[in-house]
Amino acid sequence: MKSLSSVIWILILVLLFYVGFKVVPIYYRGVIGIRGICKENADLYHKYRGSNFIQNEISEKLQRIGIPKDKSEFTIEQTKDSVIVWIYYADEATFLDRYTKEFEFETECEGVLKSVY
């Protein structure tokens, strides 16, 4: 009975590692990655005063962390006093070629247009 319990625990650990190996990179890119890119570029907008530079910067950084162009969208909107950067990322993980789970992440950041010193 003790060896059966050990086998079950080993199978549970292997299953957890397998699921973690598939899901953790997606969550890292979706939660930490796009939030950091969004905040950084919203803060840089006032320095470069143009959406062309920021669009290229966001696109490059998304690709650098492993998010291809076909799985992400972003917009840069300038209002009277601020700039709003919105990033959307969708990905999916397939488990044992039978079950596919879709993940969607979205973040929005606001930055100022003028620096106040």
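The following exercises, each with a worked solution, concern a predicted model of a protein.

**Exercise 1.** Determine how many helices and strands the protein has and in what pattern they follow one another along the sequence.

*Solution.* Counting the elements gives two helices and three strands. Reading along the sequence then places them in the pattern α-α-β-β-β. As a further step, the radius of gyration of the protein is 20 Å, whereas the globule rule gives 13 Å for 117 residues, so the protein is more spread out than a compact globule. The C-alpha trace, taken along its principal axes, spans about 70 × 30 × 20 Å.

**Exercise 2.** Decide whether Thr107 is buried or exposed, and state where Thr107 lies and which residues it touches.

*Solution.* Begin with the location: Thr107 belongs to strand S3, which covers residues 99-112. Next, take its relative accessible area, which is 13%; because buried means under 20% relative accessible area, Thr107 is buried. Finally, leaving aside residues up to four places away in sequence, the residues that Thr107 touches are Ile34, Arg35, Cys38, Val85, Trp86 and Ile87.

**Exercise 3.** Describe the burial, the contacts, the surface and the charges of the protein as a whole.

*Solution.* Of the 117 residues in the protein, 32% are buried. Among contacts with a separation of 6 or more, 56% are between residues 24 or more positions apart.

Definitions and conventions: Residues numbered from 1 in each chain as written. Predicted model: local features only at pLDDT ≥ 70, side-chain atom pairs only at ≥ 80, totals over all residues. Heavy atoms only, no water. Helix = DSSP H or I, 4+ residues; strand = E, 2+ residues; numbered from the N terminus. Rg over C-alpha atoms; globule rule 2.2 N^0.38 Å. Buried < 20%, exposed > 50% of the residue type's maximum accessible area, 1.4 Å probe, protein only. Contact = heavy atoms within 4.5 Å.
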